[in-house]
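I opened the model to look up its pockets, its cavities and the contact between its chains. My entries follow in the order in which I made them.

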Amino acid sequence: MFKADLRTLLTSDAAIAALVGGGASPETFRIYIKELKQKQTLDSIVYYVLHGARDYALDEPQNFRTTFVHFDCWSKTPRGAEVLAIALEALLSGYTGTVGETNFQYVILENEFDTDDRDDARDAQTTVPLCRVIREFQVQWSKV
Amino acid sequence: MPSTPAKAALGSSFKLGNGASPEVFTTVVSVKKIGGPTMEVATDDTTAMDDGGNETAIATIFKGGMVSLEGNFSGATSQIALETAFFAKSEVNVKVLYGSTPVRTYSFAAIITKFDPAAEVAKAIVVKVDLKVTGAVTPS
């Protein structure tokens, strides 16, 4: 439930909601797993797991995981994508807390970079070019 | 004919005795690495001039050596029991078990000489523990 709990964490944040909220229901937020929704041109967040590591001891698997999560912040303008990335960073960098079945023990910003891939955005079947800013976080977590 | 397979380390364990009678041994949880006991037989050089230019020796004392543990440190009851024994500087009875089926067990008394927790920002909290064997080691 890690990915779902991570999405809940995002949709529960007022700043994120103001930028990518799609109405009262969290289901309508423009936060997607893996790829941007087709023809989506409004500010959006796409996230996916880059890789993860589990921890084992001699007696049993440890309830402690490290997961690296990639976030694409999409907007029509570079400034819009940056604003979205800043909101994401404000929420996640250093975050600790429990959401659903996930105890987020510590979230660390690992990478941050801009891209100039408007053509890529067009390939993703949007109708207009989009700008993207990337943030990658290391999430240390355990199951509740 | 296939060779005898190596055994995975999973199931190996370190057990700490509670000093009661009969003594109860409890597995210390979250241990990721066990080393030792580093057993040795000490020798004394007996080389004499008439040994034909060959070095000779005799076995003297058995040395139980050290045991080292590394693992995650969560403050679990079994880990705190180890910490308590360290601060008490008391001799404890322990068992080191290698493998699960079959298992090779080494039983002995020891003094905990190091209890070394550490934290690093992008890692789990860990602890390293050293024990000095005192007396005989009994394999079974």
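**Largest pocket**

I looked up the lining of the largest pocket and found Glu60(A), Pro61(A), Gln62(A), Asn63(A), Phe64(A), Gln105(A), Ser30(B), Asn72(B), Phe73(B), Ser74(B), Ala124(B) and Ile125(B). On a 1 Å grid over the protein atoms alone, a pocket is an open set of points with protein on both sides within 12 Å along at least five of seven lines, a cavity is a set where a 1.4 Å probe fits but cannot get out, and lining residues have an atom within 4 Å of a point.

I note that this is a predicted model, in which local features need pLDDT of at least 70 and side-chain atom pairs count only at pLDDT 80 or more, while totals for chains, interfaces and linings use all residues. Residues are numbered from 1 along each chain as its sequence is written, chains are lettered from A and ligands numbered from 1 in the order in which they are written, and side-chain values use heavy atoms, with hydrogens and water left out.

I read a volume of about 270 Å³ for the largest pocket; a volume is the space filled by probe spheres set on the grid points, which are joined across faces, edges and corners. Strand β3 (residues 61-75) of chain A contributes the most to this lining, 4 residues. Strands (E, at least two residues) and helices (H or I, at least four) are DSSP runs numbered from the N terminus. I sorted the lining by class and got 5 nonpolar, 6 polar and 1 charged residues. Ala, Val, Leu, Ile, Met, Phe, Trp, Tyr, Cys and Pro count as nonpolar, Asp, Glu, Lys and Arg as charged, and the others, Gly among them, as polar.

**Cavities**

I searched the whole structure and found 2 cavities of 30 Å³ or more. The largest cavity has a volume of about 70 Å³. Of its 13 lining residues, Val28(B), Val31(B), Leu82(B), Val127(B) and Val129(B) lie nearest its centre. In chain B, β6 (66-72), α1 (77-88) and β9 (126-139) are the elements that give two or more residues to this lining, and β6(B) has the largest share with 4 residues. I counted 8 nonpolar, 4 polar and 1 charged in the lining of the largest cavity.

The second largest cavity holds about 30 Å³ of space. I listed its lining as Leu58(A), Asp59(A), Ser12(B), Ser13(B), Phe14(B), Thr27(B), Val28(B), Val31(B) and Ile34(B).

**Contact between the chains**

How many residues does each chain bring to the contact? I found 15 from chain B and 11 from chain A, contact meaning heavy atoms within 4.5 Å. The two chains bury about 1,000 Å² between them, 51% of it on carbon and sulfur atoms. Buried area is the accessible area (1.4 Å probe) that two parts lose on being put together, summed over both. Lys32(B), Val121(B) and Ala122(B) lose the most area on the chain B side, together 36% of what that side buries.

I then looked for salt bridges (a side-chain nitrogen of Lys or Arg within 4 Å of a carboxyl oxygen of Asp or Glu). Lys32(B) and Asp55(A) form a salt bridge, at 2.3 Å from N to O. Lys32(B) lies in strand β3 of chain B and Asp55(A) in strand β2 (residues 44-56) of chain A, so this pair joins two chains.
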